[in-house]
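Please look over the sequence and the structure before reading on.

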Amino acid sequence: MQLVEAVRSKSQPLAEDYCRHYEKVAERFDYHPWQDGEWQRRADWLASSRQDRAPRSGLIEVLRAYNLKQGNDHEAVQNSLALLAQEDTLVVTGGQQAGLFTGPLLVIYKAVSVIRLAKEASAKLGKPVVPVFWIAGEDHDFDEVNHWYALTGQLAVERFRLEHPTGKREAVSRLSFESWADALAKMEEWLQESDFKPDLMAKLREYAETSRTLTDYFARIMSWLFGAHGLVLLDSDDPALRRLESPMFQRLLEDCDELNRSVLSGSAAVTELGYSPQADQTPGQANLFFYNDEGERTLLYRDGDGFTNRKRTFRVEKAELERLVRDEPWRFSNNVMTRPMMQDYVLPVLSVVLGPGEIAYWALTREAFHRMGMRLPLIMPRLEFTLIEGTVHKNMEKFGLSYETAMDGFNDFREEWLMDQGQYEVEELFSETRRRFLELYRPVLETVSSLNPGLAKLGETNKQKIVEQIDYLRNRAADSLQSKFSSGLRQLDRISLSVNPLSKPQERVYNVFAYLNRYGNGWIDKLIDMPYDNDGQHRLMFLINQ
């Protein structure tokens with residue numbers, strides 16, 4: 001396995017400047033990610049601050065129970081939990097929604113980032129730092145997690161999609177599925193035959209049998225991939241965790257008006273710096289979700305002395321919400337603005353690993369963090385990769401096609417290559433023939449029109465039919481040329497579909513199982529063993545069969 005840096009800008013301008021020109025955005029964060037001493041400064045602040053946090057004993061009890069339930073009982077995980085029980089142990093965390101079969105590759109890279117960064121932070125600080133993966137099971141956007149993509153042998157990017165089991169706006173962790181049979185059948189159909197396939201399919205079936213929800217299935221697969229490296233899993237919609245979070249929910253509810261103003265202030269500050277705020281904020285937004293009596297998750301807004309939803313179809317008094325947040329905290333959940341603060345309340349967060357979009361919306365939260373007596377943790381960009389398989393790499397070298405051109409200039413490159421194979425001459429020949437015909441036909445039209453004006457329209461029709469026939473033959477000739485060089489065009493298209501499927505980075509589209517099926521999981525373990533050494537740079541990872 002070989003890693004090579006690649007030139008690739010972030011999808012978010014603010015995240016790009018965070019990684020390349022931190023001074024431009026420094027005022028939106030509390031710690032410089034690449035400055036000496038900042039890791040220690042964050043650790044010292046956590047040790048000395050009077051910030052109220054969830055009791056560590058309760059946290060360990062919740063995490064032990066959840067990881068045991070999901071089969072994440074590896075010895076390394078037990079060691080991580082034992083360390084986390086110590087008051088001076090810190091956490092590196094990061095999270096993602098629970099996607100079908102783990103979702104896109106970026107989820108895998110985020111877990112790798114969390115594990116690697118925790119190891120290096122521990123060595124740097126001389127104290128235990130534990131990796132924790134925060135599964136965002138409270139999210140209700142089912143369309144983000146219900147599918148996965150695969151590149152078929154016919155060079156088509158196909159999607160398999162789960163149907164919503166209830167149609168309600170519920171947290172993903174609360175959606176039960178009766179069967180995974182269709183998803184497993186499609187996965188088996190799409191995976192090519194390999195030495196790894198039987199074991200992979202056996203594991204996926206085994207995990208399916210004990211998984212009621214997407215979150216369960218996700219957690220079991222992540223345990224298999226990363227449990228041996230000590231990665232602790234947490235579900236943000238775990239009812240036991242909700243009980244632990246109740247005091248923080250009470251604070252967020254009580255101070256929701258000031259928090260809303262703080263977030264609006266953060267949004268205005270980001271705008272003044274020249275960026276578009278990543279998350280929408282409106283006056284009166286409580287930045288908390290509530291499960292109504294029908295079990296649907298709805299965002300709360302202030303309504304006088306009470307709260308309502310955006311469409312004002314229900315209303316609940318503040319006193320009732322205050323009672324519920326004490327007695328039934330599982331009826332509440334965070335939005336993107338309050339989840340970072342809840343994470344800091346639950347865990348002793350030294351650093352959080354974020355993707356570009358997340359960095360952009362965390363930039364809105366600084367005033368809110370300070371309002372709650374907190375500081376933003378050290379924010380580190382997750383590792384980014386594009387997997388380059390052996391055949392793809394060989395063909396890129398054959399055509400002299402760089403990764404940057406494959407991502408941003410492929411269509412022009414493909415067209416130029418085809419022209420070089422002879423299409424240019426064919427196009428020139430037909431263009432010249434068309435031009436000369438029109439030139440020769442012009443006096444014919446003028447003559448017949450002067451003889452009989454009624455023939456002018458007939459002449460124009462005749463001219464158009466001849467031009468259409470020239471164009472028809474030109475198109476057939478172009479098709480024949482493409483057919484003659486179809487092998488080369490197919491190789492080029494395979495490169496493009498491999499690194500830039502659906503005109504998106506590979507890591508945002510393809511699922512990890514296609515690569516596990518061809519190469520096993522050794523390449524993931526090797527990534528974890530390598531130095532973090534990350535300044536937000538994108539890297540190409542060249543894979544070869546073992």
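A cavity, as the word is used here, is a set of grid points where a 1.4 Å probe fits but cannot get out, and the volume of a cavity is the space filled by probe spheres set on those points. The structure shown is a predicted model, and in this model the count comes to two cavities of 30 Å³ or more. The second largest cavity has a volume of about 30 Å³, and among the residues that line it are Lys10, Ala15, Cys19, Leu354, Pro356, Pro381 and Glu384. Helix 1 (13-20) and helix 13 (356-362) each supply at least two residues of this lining. By class, the lining of the second largest cavity holds six nonpolar residues, one polar residue and three charged residues.

Strand 12 (residues 349-354) pairs with strand 13 in the parallel sense over four bridges, and the open sheet of five strands runs in the order 6-3-2-12-13, with parallel pairing. Strand 6 (232-235) and strand 13 (378-381) each have a single partner strand, so they stand at the edges and one side of each is left without a neighbour in the sheet. From one strand to the next, the twist of this sheet averages 30°.

Helices lie across part of this sheet. Helix 4 (residues 75-84) lies across strand 2 (90-96), strand 3 (129-135) and strand 6, and runs at about 105° to strand 3, while helix 8 (residues 214-226) lies across strand 3 and strand 6, running at about 150° to strand 3.

Another open sheet is formed by three strands in the order 1-15-14, and its pairing is mixed. Strand 1 (2-6) and strand 14 (384-389) are the edge strands here, each with a single partner, so one side of each is left without a neighbour in the sheet. Strand 1 pairs with strand 15 (residues 538-543) in the antiparallel sense over five bridges, and Gln2 stands opposite Phe542 in strand 15.

Finally, two helices pack against one another: the axes of helix 6 (residues 181-190) and helix 7 (residues 197-209) are 11 Å apart and meet at an angle of about 170°. Angles over 145 degrees count as roughly antiparallel, which makes helix 6 roughly antiparallel to helix 7. In their contact, Leu184, Met187 and Glu188 of helix 6 meet residues of helix 7 including Met201, Leu204 and Arg205, and the contact has five nonpolar, no polar and three charged residues.

Definitions and conventions. Residues numbered from 1 in each chain as written. Predicted model: local features only at pLDDT ≥ 70, side-chain atom pairs only at ≥ 80, totals over all residues. Heavy atoms only, no water. Pairing = 2+ DSSP bridges. Axes fitted to C-alpha atoms, helices over the stretch in contact; angles between N-to-C directions. Parallel < 35°, antiparallel > 145°, perpendicular 65-115°, else oblique. Contact = heavy atoms within 4.5 Å. Nonpolar A, V, L, I, M, F, W, Y, C, P; charged D, E, K, R; others polar. 1 Å grid on protein atoms, 1.4 Å probe; cavity = no way out; pocket = protein on both sides within 12 Å on 5 of 7 lines; lining within 4 Å.
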